[in-house]
Amino acid sequence: MGKNPAWSWYIVWYFFVGGMAAGAYFLAALADLFGRERTPAVARIGYTVALPLILVSPVLLTLDLGMPLRTFYMFRLLKVSSPMSVGSWALLGFSLFSLISLVLVLAERRVAPDRALGVRQLRRALAVPGTLLGFFIASYTGVLLGATNRPVWGGNAWIGPLFIVSATSVGAAAIALWPVRPRFTGFRRLDLITTAFEALVLLVFLQSLGAAAAVFLTGSLAPLFWGAVVGAGLALPFLIQLFVRGGRAPELATAVLLLVGGFALRYLVLLSGQA
Amino acid sequence: MAKAILVDTSKCIACRGCQVACKQWHGRRAEPTRFQGSYENPLALSAQTWRRVGFIETAGGDGRLRWRFISDACKHCTDASCLAVCPTGALFRRTWGAVDLNQDICNGCRYCVAACPFGIVAFNEESGRVNKCVLCPDRVEAGLEPACVTTCPTDALTFGDRDQLLSQAKRRVAELQAKGEKGAQLYGERELSGLHQLFVLQERPQVYGLPEQPRFAVASVFPSSVTSVLASVVMGVTALVAFRGRGGKGEE
Amino acid sequence: MPGLGTSFGRGAMTNHWIDVKNADAVLIMGSNAAENHPIAFKWVLAAMERGAVLLSVDPRFSRTSALADLYAPLRSGTDIAFLGGMINHVLRNNLFQREYVGEYTNASFLLDPAFGFKDGYFTGWDPEKKTYDRATWKFQVEADGTPKQDGSLRDPHTVFQHLRRHFARYTPEMVERVCGTPKAEFLRVAEAFARTGAPGKAGTIMYAMGWTQHSKATQLIRTAAILQMLLGNIGVAGGGVNALRGLSNVQGSTDMALLFHILPGYLGMPTRKDHPTLAAYLEKETPKTGYWVNKPKFFVSLLRAWYGEAATKDNEFAYQYLPKNSANYSYMDLFEAMYAGKLKGFIVTGQNPAVSGPNSTLERKALEKLEWLVVRELFETETAAFWKGPGVDPAKVQTEVFLLPSSTHLEREGSYTNSGRWLQWKWKAADPPGDARSDGWFANQLALRLKALYAGSRAPTDRAFLALTWDYGKEEPDLEKVLAEVNGYTVADRKPVKSFAFLADDGSTACGNWIYSGVFPAEGQNRAKSRKADPPESLGINAGWAFSWPVNRRILYNRASADPRGKPWNQEKALIWWDAEAELPDGKKGKWVGVDVPDFRPDLAPDAKGGGNPFIMRPDGKGGIFAPLAEGPLPEHYEPVESPVKNLLSNVQANPMAVIYKADLDKLGDPKEFPIVATTYRLTEHQHTGSITRNLPWLVEMMPNLFCEMSRELAEEKGIRNGAPVIVRSARGEVRAIAAVTGRFKPFKLGDRVVHEVGIPWHWGFMGLAKGDSANMLTPHVGDANTRIQESKAFLVDVRKA
Amino acid sequence: MSLTRRDFLKGAGTGAGLAAAVDLAPAEVAAQELKTKGAKEVPSICYYCAVGCGIVASVADGKVVAIQGDPAHPINRGALCSKAQAYIQVLDHPQRLTKALYRAPGAGEWQEKPLDWAMAEIAQRIRSTRDATFKEAEDGVTVNRTEAIAALGSAIIANEECYLLTKLMRGLGVVWLEHQARI
């Protein structure tokens, strides 16, 4: 058993913010690529949300390391065996893609209409690797936790998937919270499927933990788990989306609940391995 | 030639010369401690304590009281989790087997801390970097033994070519078993593809706080990646369904 | 160490550290070598690798026991019963080495027919005076004064038959009921060790303060000596009764006579009563036979060394300059006298009695009665700071205290004599900081300053001091010059003598300590600096490494390693043997040769008169199975002065000759109030009073607090949890400690009674980095009958939750 | 970067590919120089128990930088226990005494004093106590002693120092002379 790495709030926030950025980005990119003609707003808002969030991430990570220059040691080498090493490079790449994507969103509006299509096509082309990177950013932290020898995390293969699904819902929530925005009816379906799927992955995750799952289910963390992750993050959004139709208020409520659940999930997962 | 330390717990008298020799040679400080009912102190390895002696009171199979001692430190695994996960290259392998640590490059990410299956690597609050036993490369490369080995009065610690130590350890295990020490066994020959700190134990590894099957932390990277890719695909399809499906017109 | 001295002739470890590897059985009892002499264990394990069996007998399961093949517990203070049981086992089963016992010991001597032993007393006990008349403790003698013998050992008056009868009472059942050692475990140990009784086999006994700190300690060590003689284990490689001494130079400081009753080289300190003149001294102190017949040479040479030209034939070689004793001035008497206000000044160098002294409450109180106190130390010790100790109001303490900073052993040179009698020179590594100085500097400066103060005095009281020779330099003394004086020299030319064989009693030679003679055999040749080691696979004699007193002999009484005909009992571990063909310098043939220096006259043939008497320092040259001491000529078990049980072996409860001090703070505990046996001990991680080690962070980290070890059963009875604070209380005081509840202490089942024992290390005190109560606040001022060493290994306490 | 990801999977998948790293900077650094290199090695004997282990003090610029077992010593062959290993902490210990201290009667504190002053005072105390209590004879026998001064110690100083103390104390007529050997 490894010692407690004492990864605390900065890392919780990074996991949350990074996941949100990644989710917002790949939703935006998928909308950009496959959405119907009238989905550019999703892409626009998603790209817009993703960039600042992903730029906050290295700040959080640097704060955790304590000394700014040390962050650069991450880029001394690329080590494929180390999720953190690959993740650091991926974060760098993802930030770059986020930036370009957003620039191209802005450019599309500024350039002459005959060149706008070209810009859009370039953006869509970049969206393909960007999406893959987004998925990577959303999940590598889970893979990283699995590649330790801490309780709960060590050897577990389901934290990555859990984080990806959760990234989708918090990413969607971030987009949904954008103030000046049209209503995305597709998000209802998105929320319903992701929360249902997240519940499934969560179940598989807990199952894989065996007795160690008690830390979530019955330990001192249980209220937070049941209340915030299951209740606020999964059950309520699902029920709201299932039974309440239309209206900005339920949409906002759903988004906030998803963010609360997504944050709590990361907090609990990080805490459980360091309890 | 791979080098290793052989810890023969059956010869250890728990004088803790090794524990202090390490502190002296590496300039490690004392930690505040309190007697808590056992001679053992400090209670765990840390950034200031790279080697320590465990005191274990146990009743053997015959019900007779035994007091087992184990001088414990970094195992310098072949499949070294700390080394595998270190993102900066601060942890590195010496050609003769030691997993060494370059303080100038460590950035204090603590991934190795969480990854070590033995709880060896420790974060040093003061330097903001990690520390662990580095197997005295300064001494070894100057032809000396590690400080802990040199000071051991009873040859409970020996240093040498790993192959030779393995056969030495096996002979010793056979000897102990012949003497009636049924629990005598070798630890570290195959664990994590081979440790560079081998142990002759007189009881099951668990008794000494050693994991029966230490896990190479990054062994989970592949399965985790597969499940993550699958989840990514599911989420991609979900988005497509959401964005392209009926009523998915995007803007109202 | 009179236990060894009376049995063998010299009070020192018979063998040496490396030699332990030559043993076939190692009995560690009254010692915890793994913890207190960790490096010695290198050689214990080396013996085990060569097939030796390690036996550990101890009240608690220690780090030594952890490595042992066999462990047997015994209640503190019952070692004589245990060893007596072993002697009985050896005699009953005829496991002794017959020829060795018959030829090399006084087993065959016939005792005075009036001598006997009855219900705890030897003949001659005077219940009024509470002392022995030793008139019957003697041998029957032939016309020429030599003892009568019966080589068949069958005569009922032989020492052997007395021994057999005496120890017949020490049956395994008795051992179990007295010691609490289960019979089966006792027998396993006895059988394993008795195997070394076969000729050619060797067994060693390693002991330390676990044996010496009892009210019958000297007899305890005698019991071991007798056992070893029966098994033929003295004088052989891998044998011996080996006192593991606890301080770097405690052998040397004893040899140098920092003790009230001796002068350097174990020459008795003159007493007013017995030695009014030099002639009387030499007459009384010099035996008629044995090597000690040379004592006048050593004594006169000492006087010559100390008083130089002032020591002449006409003035008894300045004999009257020496002080004479009129009382027992031993350690506890010293503190009793101090407590009674009889002492005014006290000079303490490198010792911390406020922690190490028994009944330390009394000893600390005693310091308050001094006018002045000088302490030389590395750190501020409890002794130096007694006036601000717990419960002391400094304003009420009128003692002036001078605390002088000392240099460390690395900051000075000089020789240490280790437990194996090796004098090893150490070189100076660095300068001491600030005003820190060595003890040599202190003695030198003090002497020079006092000489200056007394200069010109014509008072007869000052004559002796003014005559004392003192010429070692101004500041740090020239220690090699000192060593040369210790070695001895011919007065005429100041040339070093080659050995004590060249000393004379006519004033022509001077010698500061005859047993060290030979360490400086020629100008500029300091053998303490010799550094040529034997290869590791050798017997380990290492004659080329350092200098071993006497005359570089490594294994004492090594004549006994060969049979009466001069052939080694064990060829593989031969030390010396008689070579009839070897040529002597004078052309004659036949001498003792071998790997060690013979502890014997080199040309005395085995068949010559005395040629089979290996114990040359004893008057008759035989090992003393029968050897009178204060409480008898044979060992007998008595209970400790504080004991929870009645003595089962006789109606005499405790050693009738034990010394029990009686000041108001000298209280003894009632077993009803204090039913638990307690013992004190040391740990690997600290040294003695901890005056140094409790200041060193790395050691404090490992052993931070005072603790009290106890069995799970006792803890349960008292509601004590492991790691929780407890109060340990004796009639003298109480200490606060942390409970170490462990399976390593077990209650003793004595018949139908259960007796508990607890253990408490004595390293702590109120100063330093790691502070704690001193275990010696619990121990009594009760002394061994012969040495007056305190009984701190077996006393009574009670324990409760704090 | 998808290529990286494939590599990553492959690398982890082969299980052994742990050293597989794209190095941007060489990782293995030369081992540090021995801290005892060039230091003067002074042989000594351990201060603690009477086993008499050989130790070697490595001295650089007049300062002891390491204390190790003497590998040539036949008893310990380079080994040392924890106490001996920790001895180096004595040498420049912040609490170590470096000045003579004097505590006046009834005082609650030490005063720092010059060493010379302290020695002069001690010599005076010895002289006055000795002179006041010296007994030349008892029952007609010369006894030449003072029973008012006692000296204690020590078993941790060199033979030569012990000898000087014995000689000095006996020379002064001190009969209360004891040390650790009797406790």
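Me: What makes strand β12 of chain C and strand β8 of chain D a pair, and do they run parallel or antiparallel?

Reply: In this predicted model, four bridges join β12 (residues 345-349) of chain C to β8 (residues 141-152) of chain D, and the two strands run parallel. Pairing requires at least two bridges, and four are found here, so the two strands count as paired. One of the residues involved is C:Phe346, whose bridge partner in β8(D) is D:Ala150.

Me: How do you know which pair of chains shares the most contacts?

Reply: Five pairs of chains are in contact, and among these chains C and D share the most contacts. A contact is counted if the C-beta atoms of two residues, placed from the backbone, lie within 7 Å; by that rule 100 residues of chain D are in contact with 131 residues of chain C. On the side of chain D that touches chain C, the largest share, 13 residues, comes from helix α5 (residues 159-172) of chain D, and the residues of that side divide into 59 nonpolar, 23 polar and 18 charged.

Me: Why are β15 and β20 of chain C called edge strands?

Reply: Three strands of chain C form an open sheet in the order β15-β16-β20, with antiparallel pairing. Both β15 (414-417) and β20 (547-548) pair on one side only, and this is what marks them as the edges. Between β15(C) and strand β16 (residues 422-426) of chain C there are four bridges, whereas at least two are needed for a pair, so these strands, too, count as paired. Within β16(C), C:Gln424 is the bridge partner of C:Tyr416.

Me: Which helix packs on that sheet, and which strands does the helix touch?

Reply: Helix α5(D) packs on the sheet and touches β15 and β16 of chain C, its direction making about 95° with that of β15(C).

Me: How do you know that the two domains of chain C touch, and what makes up the contact?

Reply: Chain C is divided into domain 1 (2-246) and domain 2 (659-801), and the contact takes 22 residues from domain 1 and 29 residues from domain 2. The C-alpha centres of these domains lie 28 Å apart. On the side of domain 1 that touches domain 2, the elements giving two or more residues are α2 (33-36), α10 (209-212) and α11 (217-230) of chain C; by class, that side has six nonpolar, eleven polar and five charged residues.

Technical notes: Residues are numbered from 1 along each chain as its sequence is written. Chains are lettered from A and ligands numbered from 1 in the order in which they are written. This is a predicted model: local features need pLDDT of at least 70, side-chain atom pairs count only at pLDDT 80 or more; totals for chains, interfaces and linings use all residues. Domain bounds come from an automatic or database domain assignment. Ala, Val, Leu, Ile, Met, Phe, Trp, Tyr, Cys and Pro count as nonpolar, Asp, Glu, Lys and Arg as charged, and the others, Gly among them, as polar. Axes are lines fitted to C-alpha atoms, for helices over the stretch in contact, and angles run from 0 to 180 degrees between N-to-C directions.
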